[in-house]
Amino acid sequence: MSKKIIVAGAGHGGIAAGAILAKNGYDVTVYEKQKRKDMGYDWTDIFDRKGFTAMGMDIPDSSLWSLKNDMTFFGPGMKTALRQKTPEDKLEIQMERKVLYDCLISYAEECGVRFEFGKEIEAPLMLGSRVAGIKIGKKDIFADLVIDACGINSPVRSKLPAHLGIQKDAQKYERFYVWRGFYEKTDCGEVEDKFKVLLFHRGKLGISWVAAEEEYTDILIGRFEKFDDEEVEETLEALRAENPHLGKKLVRGGEFVEIPVRQSLGVLVADGYAAIGDSAFMTVPIIGSGIANSMKAGALLANAVIDDRTDSYSGTTLWKYQKDYYEKIGAGLVPFACIKLLLTRLECDELDYIFEKGILNARDMTAGMVSPNLIEVFKGVTAADIKIKADGLINNTDVLKKVIRLGAEIAAATAVTAAMPKEYNLKKVCAWADKYNDCFKR
Ligand SMILES: Cc1cc2nc3c(=O)[nH]c(=O)nc-3n(C[C@H](O)[C@H](O)[C@H](O)COP(=O)(O)OP(=O)(O)OC[C@H]3O[C@@H](n4cnc5c(N)ncnc54)[C@H](O)[C@@H]3O)c2cc1C
């Protein structure tokens with residue numbers, strides 16, 4: 001009899017893993033709290049199309065996506081603009097979230113995955129230390145493996161027994177509160193910077209973005225603190241003063257949501273359990289992109305399950321997924337989690353200084369988005385560039401101290417990540433995860 005896999009929540013990584021497993025003969029059911037018609041937010045997303053190929057899917061027809069516009073970054077003083085210049089073959093794609101879900105769900109169904117929509121999971125079902133299924137209302141649903149793709153506030157992850165060493169929640173500065181809406185675009189001629197990203201906009205710890213699309217202006221406001229409608233309106237007014245193409249009528253979206261912006265979950269697996277996607281905090285911590293990482297992780301998880309000749313799906317056999325994830329994705333995100341910490345410590349004038357003096361420049365902002373791997377980002381830095389950065393740092397002791405601290409934190413976190421246990425031994429894994437998480441304390 002084929003092994004029974006539950007995907008808890010129709011997160012992107014869970015669908016990816018489920019599709020590969022169903023194609024390989026596993027009995028996969030996705031339980032999702034929303035109705036099918038409500039799946040996906042009313043907005044577009046930007047991501048690496050290699051996510052599709054990683055999960056064995058063809059890249060959807062090009063009529064379903066476009067290439068993203070380069071971004072222009074501004075510090076709070078709005079004095080220096082850092083304009084990305086991404087080579088076309090490295091540009092990510094932009095796709096409607098609902099269309100992305102249509103593609104993923106129909107592909108998974110073709111592979112043999114069953115979807116149960118409108119089913120809200122309350123908790124994991126435990127048999128001793130093993131995750132043996134999920135609870136939906138009064139119903140206990142058993143499975144050989146539960147893939148937790150329920151997102152940042154997963155009730156499965158947060159209700160696991162503490163002794164499994166899996167962190168339950170994202171803390172302050174690990175969640176980014178976001179409001180997103182599309183406004184009518186007023187006709188005011190060609191917009192110079194089509195995709196503006198304003199860091200520490202209005203002196204607030206966070207960002208605002210204004211992206212001029214053909215038919216609307218896309219607004220995202222993000223903060224490390226919760227904020228309300230009044231704050232959204234004030235921010236919109238400030239944005240309108242600088243961006244005449246931003247109209248007054250909201251045409252789509254207009255929702256508050258949360259994105260994890262932290263290091264990936266220290267322990268991804270337990271007996272009968274694997275976390276993926278936002279449930280495992282797999283986003284790039286400074287930009288919050290998590291779609292492609294989730295799809296790529298889905299393939300890694302499916303491979304670990306298929307490789308498990310014991311069919312036990314225990315922490316021991318699923319540890320291959322943890323190791324592969326950290327080797328291919330998670331370790332590369334570690335420096336970005338540290339950079340996010342630096343951002344939360346910077347003052348507005350310090351960020352302006354970093355932009356104005358070229359400590360960060362347009363090339364860095366291009367490379368950082370193209371490759372979420374710090375070594376790749378710094379490969380192209382020239383000697384002249386290093387001198388500019390060094391001069392800028394030497395002349396500002398406060399910024400220099402913060403950057404030195406960042407360097408030390410990246411080195412420590414990278415070393416601890418590399419020392420991840422090779423085998424799953426609960427005591428050793430928990431001890432390692434404590435050390436790993438300590439590296440990212442603010
Ligand atoms: C405003 C915003 C913009 C973003 N832009 C981008 C972008 O441009 N590019 C990018 O790569 N990423 C972006 N992200 C991040 C991206 O959405 C996630 O990283 C990515 O979707 C992976 O998350 P997930 O699929 O694992 O989780 P989610 O998208 O949160 O999916 C989890 C699923 O589980 C379901 N669920 C939750 N609880 C239960 C329950 N109790 N029972 C049953 N089902 C449940 C949910 O309904 C949902 O369908 C953005 C996020 C936001 C909020």
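Tutor: Let's start with the rule: two strands count as paired if DSSP finds at least two bridges between them. Keep in mind that this is a predicted model.

Student: How do you know that strand 10 and strand 11 pair, and in which sense?

Tutor: Four bridges join strand 10 to strand 11 (residues 139-142), and the rule asks for at least two, so they pair. They run antiparallel, and I136 sits opposite K139 in strand 11.

Student: What makes the link between them a hairpin turn, and which residue there has a positive phi?

Tutor: Two residues lie between strand 10 and strand 11 in that hairpin. In the turn, G137 has a positive phi of about 60 degrees.

Student: How do you know that strand 9 and strand 10 pair?

Tutor: Strand 9 (residues 123-127) and strand 10 (residues 130-136) share five bridges in the antiparallel sense; the cut-off is at least two, so this counts as a pair. P124 stands opposite I134 in strand 10. This hairpin too has two residues between its strands, and G128 takes a positive phi near 60 degrees.

Student: What makes strand 6 and strand 17 edge strands?

Tutor: Take the sheet first: seven strands, open, in the order 6-5-14-15-16-13-17, with mixed pairing. Strand 6 (81-83) and strand 17 each pair on one side only, and that's what an edge strand is here. From one strand to the next, the twist averages 15 degrees.

Student: Which pair in that sheet runs parallel, say one with strand 5?

Tutor: Strand 5 (residues 72-74) and strand 14 (residues 195-199) run parallel, joined by three bridges. With at least two needed, they therefore qualify as a pair. F73 has V197 as its bridge partner in strand 14.

Student: Now the ligand. What puts a residue in its shell, and which come nearest?

Tutor: The cut-off is a C-beta atom, placed from the backbone, within 6 Å. Of the 32 residues around the ligand, G9, G11, G151, G277 and G290 come nearest.

Student: Which domains supply at least three residues each to the shell?

Tutor: Domain 1 (4-68 + 91-169 + 264-332) and domain 2 (175-260) do. Elements giving at least two residues each include helix 1 (12-23), strand 13 (175-185), strand 17 (246-260) and helix 6 (291-307).

Terms used
Residues are numbered from 1 along each chain as its sequence is written. This is a predicted model: local features need pLDDT of at least 70, side-chain atom pairs count only at pLDDT 80 or more; totals for chains, interfaces and linings use all residues. Domain bounds come from an automatic or database domain assignment. Axes are lines fitted to C-alpha atoms, for helices over the stretch in contact, and angles run from 0 to 180 degrees between N-to-C directions.
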